[in-house]
Amino acid sequence: MKFSNSLKFNAVADWWDEYIAYSALKKHIYQLEKQQQALPRQRGHDLESSEREALMGGITPSSQTDNVFKPLLDYELNKIASFYELQEQNMMQELEELEELVRSKDEESLPAADQRYMDDDDDDDDDDDDEDDERQATSRTGDRIPPRRSSSSRRRSKSNGRAFPSAPGVSATLSQDSSQSRMQRRHSISSSEDNVDLEASLASLSQIPEGYAVQTSTGDLRGSSMSPKRPKAALANLFNLVKPTGSVSSSIIAPDTIWTAKTNYAYDTRILFKRRITTLYNMLTSLRAFVELNYSGFRKILKKYDKITYSELKDHYMHDIVEEAYPFRQETKDRINDAISRLVSLYAKCITRDDVSAAVRQLKVHQREHIAWERDTVWRTMISQERRGESNGQAKALGGHLEVEERATLTIPTPMGRLNLTAKKMFLAAAVIIFAVLLNVQSVPGVEANNCFAILMFSTILWATEAIPLFVTSILVPLLLVIFRVFVTNDEKHARLKAPEATKFVFSQMFSPTIMLLIGGFTIASALSKTNIDRVIITRLLSLAGTKPSVVLLAFMGVSCFASMWISNVAAPTLCFTLIKPILRNLPPKTSFAPCLILGIALAANIGGQSSPISSPQNLIALDEMDEPLDWGQWFAVALPVSAISILLIWVLLLTSYRPSRTVDGEGLVIKAIRPNRERFTAKQYWVTFVCLVTIGLWCVEKKLEGFVGDMGIIAIIPIVAFFSTGVLRKDDFEQFLWTIVFLAMGGIALGKGVSSSGLLSFVGDSIRDLVGGLSLPAVVIVLTLVVLVISTFISHTIASVLLVPIAKEVASNLPGDHQRLLIFLTGLVCSTGMGMPVSGFPNQTAATQEDDMGQLYLSNVDFLKNGVPASIIAAIVVATVGFALMLAIGL
């Protein structure tokens, strides 16, 4: 959560204007950044004044911004200190008054003897008897009289009321002859939630009428006014005062104090003190949190200021100014902590019978309830929406367009009302109709193959149109494969598998070592991001780029490609777009460098998707389809040169198309240099780096260790255990993995096994044999590259690999020589080159949503058509030529 949101979420609502104005200070920092960038250009026109300032030790740009920013910080600090001193003074005064009241109650004796209350209660009982006689007489006249509770019922209600001492207010039950004004006065004292004056409440309690009842720990000594056995009940209660052993109760030997007595007066007194102590405790803890939150605000805003303006103000201002201010001094913090401890002692004395641990526990419960009540419901709703991914403008994790509300394409009036049909609903209906038709029409020979063909077409339509989420379609695939009995045995009979055997088979194929490798890749990416290693490495690399636009563009493209290799091409562009925000803020209006840089990062991230086996799901699907998967060394031998050449050629294309080195006025553009992260590596970061390097090294030499580890999926368990067992990653991190991509890959694997087992692949192979008959291997490579490029441009890269990799495998089986791995490898690489449309992969989708400060999009569809399509063709040609030659060189 951003600190500005955290500040709003944790602040006391009534004190909001007294907190540090974090958002306003951040806006001032961005304004100072622009002024700082403009300063060198202004000074460049006056060389003489610049030399004079340098010789005389003139003011540097950072000191100029310091002179502007420090008064803003001083104003916030003075505001916070003034408010804190006032609040602390009021709370300390209230604490002293509360302690004085407790001391006065210690010296006060109980209001009256128990015997007097019993005598007065006898009078009440006589009155009750008289009332009973009157009621009986009145009832004989036929008047309707509401039923009256018995005294035993009253005793039960009082006892139940005392069973919950932590309730906000509890009022004692009055006798039936108590006046209405007396009832209202007691209710206002013990039940009202208003902050009434404690002294006035205690004064009213000291004037308890003589008719008030006294309730002891052994029960009600008065007896029942309606029962003829009242004297016996009172006598039984007196016997309860004596222990079974014959010793007298300690309550008789040592009379109760106001804090331990069971009388109504003592109980209501404790309720009043409990409420006031709890309220003051919540106020003091809120004041302590007020100091901590503002201290974090100063620290974070100064860190941001130093980072953006290249200043070194943070250490000086925090140590010499902030920490010397009254609210942030250590003696001030000790004073607040001491006041809280005194309150805990008062609570223990008044409420928990000197049990300090119970007092602390109860006060913390009240504090949690207070915080939960005070926090804004709107912010809780916003945070829950962010966690569930319901915020506006959020892009899907893989493929498709942005999640925006879809308007109805067609409205049909019906007797039940209007039926609004969106494009997705129409595509879903069309897919269902086509699926039903294909099941009943013999399109390919064999029932199993025909059913599999219907499932393949149904899934392809849903994947291409995204009528339902992609991963839902993938989960639907094994269900359809089992229900329509697509799988057959591997023997000569080719008998259809029954549902139980088919279920076991499909699930055993879905969770393959490839899926474990994918989860291991997610683990490494999450660890690198959480420990900030990715940002540290990237900023250090970008700091070497300088200020020349062409070099900065190439540096960001290289970093985007490199990051995609290890943290996936889903997370890498998001990280890079975050890093370029300071650059975009300081660019002149309408400069071409902004769209050029954003598009370059997106295209490079797509290229990075082919650079390592774990950088994208399509690579893992290709490895899974190979009878003998490639090791990481073989993959890098082909993918790294292909990616490097593609990046360089696309860089030249963007420079030619945008000419980013010039502004609209024709002046030379100077880019703000990226400041490297100066924080040192921690022990946790070294541990994560070590585990990642060991895991990648083992993946590279997996073929030599196959007798020990079996498969790369087993090696992928190492980072999972190493990071989650040591606390680097936690359960929440595991839940945030891109599980939709995992299920998407699992559904693709299941569909591939169905196509192979049903005989559909053999039928397709025969058709392909007729098409490629007489063609050489290079000709097949060109045709296959063209087909894969077109399909992967318009649908998800992962779905394209799911559909096309099995076809490439079958094409290879119909060619002379063993080139199965070559064509599968080539298909997987070309799938990542489809980037000509805004919907062509997640990097393009993210780039298409980037906006400037005015809410205007940096890129349009023309940018993608003008530059994305040529870039796709260039990258595909590099794969079909350089990649093909390297594959032959390593023996594929």
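This note goes through the structure in numbered points, from its overall make-up to single residues.

1. **What kind of model this is.** The model is predicted, so local features are described where pLDDT is at least 70 and side-chain atom pairs count only at pLDDT 80 or more, while totals for chains, interfaces and linings use all residues. Residues are numbered from 1 along each chain as its sequence is written, and side-chain values use heavy atoms, with hydrogens and water left out.

2. **Confidence.** The pLDDT, which is the predictor's confidence in each residue on a scale from 0 to 100, averages 74 over the chain, and 74% of the residues score at least 70. Over residues 203-253 the pLDDT is below 50, although this stretch has 79 contacts in the model beyond near neighbours in sequence; here a contact means heavy atoms within 4.5 Å. Residues 387-405 also stay under 50 in pLDDT, and for them the model has 36 contacts beyond four places in sequence.

3. **Overall make-up.** The chain has 38 helices and four strands, where helices (H or I, at least four residues) and strands (E, at least two) are DSSP runs numbered from the N terminus. Of the 892 residues in the chain, 47% are buried; buried means under 20% relative accessible area, exposed means over 50%, and partly exposed lies in between, with a 1.4 Å probe and protein chains only. Among contacts between residues at least 6 apart in sequence, 75% join residues at least 24 apart.

4. **The nonpolar cores.** In soluble globular proteins, nonpolar side chains tend to be buried together. A nonpolar core is a set of buried Ala, Val, Leu, Ile, Met, Phe, Trp, Tyr and Cys residues joined through side-chain atoms within 4.5 Å. The largest one has 158 residues, and those with the most contacts inside it include W463, F556, F593 and W699. Helix α22 (residues 549-579) gives the largest share of this core, 16 residues. Apart from it lies another core, of 60 residues, among them A11, L25, L73 and Y347. Leaving aside neighbours within four places in sequence, the residues in contact with F556 include L542, C576, L597 and I674.

5. Because 34 of its 46 residues are buried, α11 is largely enclosed by the rest of the structure. After α11 comes Y310, whose phi is positive, near 60°. I258 sits in the loop between α10 (250-253) and α11, and I258 counts as buried at 5% relative accessibility. The C-alpha atoms of I258 and T269 are separated by 7.8 Å, the two residues being 11 apart along the chain.

6. **T352 and helix α14.** T352 lies in the loop between α13 (330-350) and α14 (356-374) and is buried, with a relative accessible area of 10%. A polar atom of its side chain lies 3.3 Å from the backbone oxygen of A348, and a polar atom of the T352 side chain lies 2.9 Å from the backbone oxygen of D355. Not counting residues up to four places away in sequence, T352 touches Y347, A358, A359 and Q362. R368, found in helix α14, counts as exposed at 53% relative accessibility.

7. **Helix α18.** The 14 residues of α18 (residues 470-483) reach 21 Å from first C-alpha to last, close to the 20 Å expected at 1.5 Å a residue. Its buried residues, including L470, V477 and L481, pack against α16 (423-440), α17 (447-465), α19 (499-510) and α32 (739-758). Just after α18, R485 takes a positive phi of about 50°.

8. **L653 and the cysteines.** L653 belongs to helix α26 (residues 632-658), and L653 touches N867, P870, A871 and I874, not counting residues up to four places away in sequence. The structure holds zero disulfides, a disulfide being a pair of cysteine sulfur atoms within 2.5 Å. C561 is buried at 8% relative accessibility, and C596 is buried with a relative accessible area of 0%.

Conventions:
Polar contact = N/O pair within 3.5 Å; in protein donor to acceptor, adjacent residues only side chain to side chain. Expected span 1.5 Å × (residues − 1).
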